[in-house]
Amino acid sequence: MRSLPQADPGVPDIRGPLRYLWWNARSQLPSLLAGIAFATVWWLVQALVPAVLGKGIDAVTAKDGRALLTWSAIMLGLGLVQAATGVMRHRMAVYNWLAASYRTVQVTARQAARLGATLPKRLSTGEVVSVGNSDIAHIGSSMDILLRGTGAVVAIVTVTVILLSTSLPLGLMVLVGVPVMAVAVGPLLKPLHRRQNLQRDLTGDLSTRSADIVAGLRVLRGIGGEQVFAERYREESQRVRHAGVGVARVESLLEGAQILLPGILIAAVTGIGASFAVGGQITVGQLVAFYGYAVFLIGPMRTLTEAADKLTKGHVAARRVVRILSIEPEVSGGTGTSKGGVLRDAYSGVTVRPGVLTAVAAAAPEDAIAIAERLGRYADGDVTFGEADLATLPIAEVRSRILVADNGARLFTGRLRDELDVRGGASDEQVGQALHTACAEDIVEALPEGLDAEVAEAGREFSGGQQQRLRLARALLFDPEVLVLVEPTSAVDAHSEARIAERLAKARAGLTTLVCTTSPLVLDRTDHVIYVEDGRVLAEGAHRDLLASSPRYAATVTRGED
């Protein structure tokens with residue numbers, strides 16, 4: 001199979017599910033047209049088989065050996081063409097299915113990267129996961145069915161023309177019967193669409209509930225809340241089950257209609273055709289051909305009903321994808337440049353000087369987090385970087401030069417070394433130094449495969465303190481121009497915290513670093529401390545000087561202890 005094409009660069013500006021499906025089809029138009037051509041020829045060849053069979057039977061009846069050989073040769077040729085076009089039709093169908101699905105994964109992943117911290121604030125985890133679990137398959141199927149659906153329409157038109165030219169009453173019966181059957185299944189599509197949409201929403205909510213339970217399982221066990229949340233999960237799963245049964249009811253009616261309606265048409269065409277043959281209006285070969293056409297029409301008719309079902313599912317899936325694509329980032333960048341320098345948040349007054357290890361100690365932890373988010377351009381704010389406004393710099397440049405590492409960062413599945421060295425350019429010595437600074441050598445030494453060990457999902461095999469130290473090592477290996485650490489030692493013991501504070505001060509000597517913490521062990525190792533209360537700078541200076549001069553600072557960092 002040919003390689004899949006790359007999706008169009010960027011995220012498409014699409015505001016509706018139908019527009020998204022059209023954009024997807026237009027993006028793979030050459031392969032889609034090629035598939036439609038193969039499918040059309042494949043259907044047409046099958047549509048001509050009953051006519052050739054009828055001619056062969058008439059040749060037998062007339063005892064015409066030459067005509068029989070001629071029609072037999074034509075039948076063989078049709079069989080060979082049908083085999084060749086059938087293979088290519090299937091290959092192109094699979095290719096278009098994969099291309100549409102792959103393109104959907106690309107644009108949603110690119111949009112997720114573009115949104116960054118905005119995405120989890122606007123959409124639940126389950127809703128995003130549902131796109132990868134089921135929606136991409138339905139969008140791919142909607143592209144696949146276009147091939148056979150278009151060919152089926154051409155085949156029905158061809159058969160109708162042949163029937164009209166052979167017998168006007170039978171031709172009119174097919175000409176009228178096919179649209180009537182298509183209209184008959186129409187009332188089933190709207191409730192199907194509605195029930196599928198409800199099922200997908202409930203499935204997304206259930207996925208979110210599952211992720212929350214798994215993430216907070218330790219806490220639930222600690223407070224004895226497993227049974228309560230298990231009961232809630234059971235109730236939601238039953239709602240999903242009932243919604244699925246509702247979808248199945250409509251789909252079963254649709255499947256039944258695919259058998260019943262063509263069957264009625266076959267019976268009618270065959271019965272009337274037999275009466276015409278008895279009356280001498282058509283030949284025996286034409287009667288066999290008419291029966292063959294009636295049987296053949298089951299395939300195109302089922303394909304049209306299947307197309308209605310798959311396009312409906314594709315529309316529902318595209319609506320979810322468009323919902324993600326329509327979200328705009330909370331912050332945006334510009335095209336400016338900056339040579340770097342002092343990083344300053346005007347609202348709070350926090351100033352981070354180049355080459356200095358600065359600490360922010362906030363009376364309320366959320367104030368420190370808000371300052372870190374503004375300095376890292378994760379939230380809007382009047383922040384300057386050197387002489388430039390941070391909002392005027394491209395987001396990609398801000399992310400590469402200013403790294404904000406908090407405890408919400410995750411460890412992902414994969415090799416531990418790749419997880420720590422995300423850019424893949426660090427030497428063994430640099431990795432070892434980062435692990436040493438974060439006091440994480442013992443974590444790696446305890447693993448049988450060391451840095452080659454596979455990290456499980458979200459790093460669940462590590463304790464909270466171990467995850468925190470590995471995240472710190474990853475941030476240090478990234479080695480940004482400005483490093484902002486939010487409570488980097490909150491989950492480790494006092495002895496490890498003291499070692500990390502000492503080693504961090506040495507490792508970041510001469511580099512711009514901001515640590516948001518109220519730990520006296522860390523604050524004592526910093527060059528400059530800024531005390532923030534109610535979101536504003538209240539005092540600043542060396543840690544020991546502030547302990548003596550600012551009672552509020554002393555109360556915050558010592559927590560009322562001597």
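Predicted model: local features only at pLDDT ≥ 70, side-chain atom pairs only at ≥ 80, totals over all residues.
Me: What makes A109 buried, exposed or partly exposed?
Reply: A109 has a relative accessible area of 45%. Buried means under 20% and exposed means over 50%, and the value lies in between, so A109 is partly exposed. A109 also has its place in helix α3, residues 65–115.

Me: How do you know that the span of α3 agrees with its number of residues?
Reply: The 51 residues of α3, at 1.5 Å a residue, should span 75 Å. The expected span uses one less than the number of residues. The end C-alpha atoms of α3 are 74 Å apart, which agrees.

Me: What is found at the start of α3, and what follows α3?
Reply: At the start, a side-chain oxygen of D64 reaches to within 3.4 Å of the backbone nitrogen of R66. The limit for a polar contact is 3.5 Å, so this pair falls within that limit. After α3 comes G116, whose phi is positive, near 60°.

Me: What makes β1 and β4 a pair of strands?
Reply: Pairing takes at least two bridges, and three bridges join β1 (residues 343–345) to β4 (residues 383–385), so the two strands pair. They run antiparallel.

Me: Why are β2 and β5 called edge strands?
Reply: The open sheet has four strands in the order β2-β1-β4-β5, with antiparallel pairing. β2 (351–352) and β5 (388–389) each pair on one side only. Helix α12 (residues 365–375) lies across β1, β2 and β4 and runs at about 130° to β1.

Me: How do you know that β6 pairs with β9?
Reply: Four bridges join β6 to β9 (residues 482–486), and at least two are needed, so the strands pair. They run parallel. A405 stands opposite L485 in β9. In β6 (residues 402–405), I402 and V404 point one way, L403 and A405 point the other way, and all are buried.

Me: Which residues of the largest nonpolar core touch the most other members?
Reply: Of its 35 residues, these are L416, L420, L435, L451, F462, L470 and L485. Elements that give two or more residues include β6, α14, α15 and β9. The largest share, seven residues, comes from α17. L420 touches residues including L435, L451, L470 and L477.

Me: What other core is there?
Reply: A second, separate core has 33 residues, including W43, V174, I282 and A294.

Notes. Residues numbered from 1 in each chain as written. Heavy atoms only, no water. Contact = heavy atoms within 4.5 Å. Axes fitted to C-alpha atoms, helices over the stretch in contact; angles between N-to-C directions. Buried < 20%, exposed > 50% of the residue type's maximum accessible area, 1.4 Å probe, protein only. Core = buried A, V, L, I, M, F, W, Y, C linked by side-chain atoms within 4.5 Å. Polar contact = N/O pair within 3.5 Å; in protein donor to acceptor, adjacent residues only side chain to side chain. Lists of a residue's contacts leave out its neighbours within four places in sequence.
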